[in-house]
Amino acid sequence: MRSWSGTTVQATNIAHLFDVAENLVIPSQAWTLPMDRRESLPPLNPTRAFEATGRLLSISKAANELAVTPAAVSRQVRTLEQYLGVELFERVKGRLELTAAGASYLAELMPVFAALRDATTSLRASGRRASVLKIRSPATFAVRWLIPRLANFHRQHADIEVQLTTSPAPLNFAREDIDGGIQLGDGDWPGVHVQRLMRNVLVPVTAPSHPVKRGAQLQGETLLHSLARPEDWQLWLKAAGMPLNARRREMRYETSLLAYQAAIEGHGVAIAQEALVRPELNQGTLVAPFAFQLDCGAHTYYFAWPAKRRSSAALEIFRDWLVTLVAE
């Protein structure tokens, strides 16, 4: 708590602090910023409203996040537009979209607000509760690779709470409230750092009760596909020198996790990422009827985190833990 000429300011929360800072009159003898530095700062509450609206592309969702009315958010955004002298949003076919100027400004602001949130969370959590680390992953990778190893991480770092969500969508740190994520691809993505996690080796697998004639080149078989990786069978067949248009039945599943389970149940032959079905291959629940395996090289799973955002201590610990796993 600090006083200036009888005026008391208590930073109970950041929203209250913004309100007070914008309306507080400081006596002339108090320390002040140089004029050019004060004028370079935008009005804070309108800037906060713009960042939430731009990130969510919804005035109502921003209002819900900020605990104010949609009308209040609209007024704050208009105030910022008037201050900057540019339009930040436009309506396109009834949808709220950022203008070019708005998108550019949001890209600069989001790391600032993210750092502010991280700093506040770290300070409030220090010594009182576990650090929260938000990670997103494809469902199959999460179930088959990450979750079996997370118990080890929790034993080593009981003070870090990992909140794991799943989605097949590409990572978008500008739109999502996550600290890091796992993604399949070549690892060459703008605005992120990456750590390669494993080799991506494709191999056909089936149940022991579903024998495959090796000389028949999979003709007459049912090929089990994942909609998340629709080209895997074509890649393997071409690399193995087998005909692409032979007489085969096909079944498609939303995730590889479902395709693998269908193979275990004897529904057909799935194209699998060997590292994700290794336990079943070792146990004999699944078998690989062909010796040929296709290594996809750089196209594999990576752990990614935003390059322009200051990494939290929890994220650095989690990343180092992943590096140790990969090295084993």
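How many helices and how many strands does the protein chain have? The chain has 11 helices and 14 strands, where helices (H or I, at least four residues) and strands (E, at least two) are DSSP runs numbered from the N terminus. This is a predicted model, in which local features need pLDDT of at least 70 and side-chain atom pairs count only at pLDDT 80 or more, while totals for chains, interfaces and linings use all residues. Residues are numbered from 1 along each chain as its sequence is written, and side-chain values use heavy atoms, with hydrogens and water left out.

**View 1. The protein chain as a whole.** Of its 328 residues, 40% count as buried, a word that stands for under 20% relative accessible area, with exposed meaning over 50% and partly exposed in between (1.4 Å probe, protein chains only). Among contacts (heavy atoms within 4.5 Å) between residues at least 6 apart in sequence, 74% join residues at least 24 apart.

**View 2. The crossing of helices α3 and α5.** The axes of α3 (residues 44-56) and α5 (residues 70-84) come within 8 Å and cross at roughly 110 degrees; such axes are lines fitted to C-alpha atoms, for helices over the stretch in contact, and angles run from 0 to 180 degrees between N-to-C directions. The two helices are therefore roughly perpendicular to each other, given that angles under 35 degrees count as roughly parallel, over 145 as roughly antiparallel, 65 to 115 as roughly perpendicular and the rest as oblique. The crossing of α3 past α5 is left-handed, which is the term used if the near helix is turned anticlockwise from the far one by less than a right angle, right-handed being the term if clockwise. On the α3 side the contact is made by Asn-45, Pro-46, Thr-47, Ala-49, Phe-50 and Thr-53, and on the α5 side by Val-73, Gln-76, Val-77, Thr-79 and Leu-80.

**View 3. The crossing of helices α7 and α11.** Here the axes of α7 (residues 139-156) and α11 come within 11 Å and cross at roughly 120 degrees, which makes α7 oblique to α11. Their crossing is right-handed, and the residues that make the contact include Trp-145, Leu-146 and Phe-153 of α7 together with Phe-318, Trp-321 and Leu-325 of α11.

**View 4. Arg-319 in helix α11.** Arg-319 lies in α11, which spans residues 313-327. Arg-319 is buried yet has no salt bridge, and the nearest side chain of opposite charge, Glu-316, is 4.5 Å away; a salt bridge is a side-chain nitrogen of Lys or Arg within 4 Å of a carboxyl oxygen of Asp or Glu, and for charge Lys and Arg count as positive and Asp and Glu as negative, with His and the chain ends not counted. Leaving aside neighbours within four places in sequence, Arg-319 is in contact with Phe-303, Trp-305 and Ser-311.

**View 5. Salt bridges.** By the rule given above, the count comes to 11 salt bridges. Asp-177 forms one with Lys-134, their closest N and O atoms being 2.6 Å apart, and this pair links distant parts of the chain, with Asp-177 in the loop between β6 (160-166) and β7 (180-185) and Lys-134 in strand β5 (residues 131-137), 43 residues apart. Asp-177 is exposed at a relative accessible area of 59%, whereas Lys-134, at 25%, counts as partly exposed. In another salt bridge, Arg-229 pairs with Asp-232, with 2.4 Å between the closest N and O atoms; Arg-229 is buried, with a relative accessible area of 9%, and Asp-232 also counts as buried, at 9%. Elsewhere, salt bridges that share partners join Glu-51, Arg-55, Glu-65 and Arg-117 into one network.
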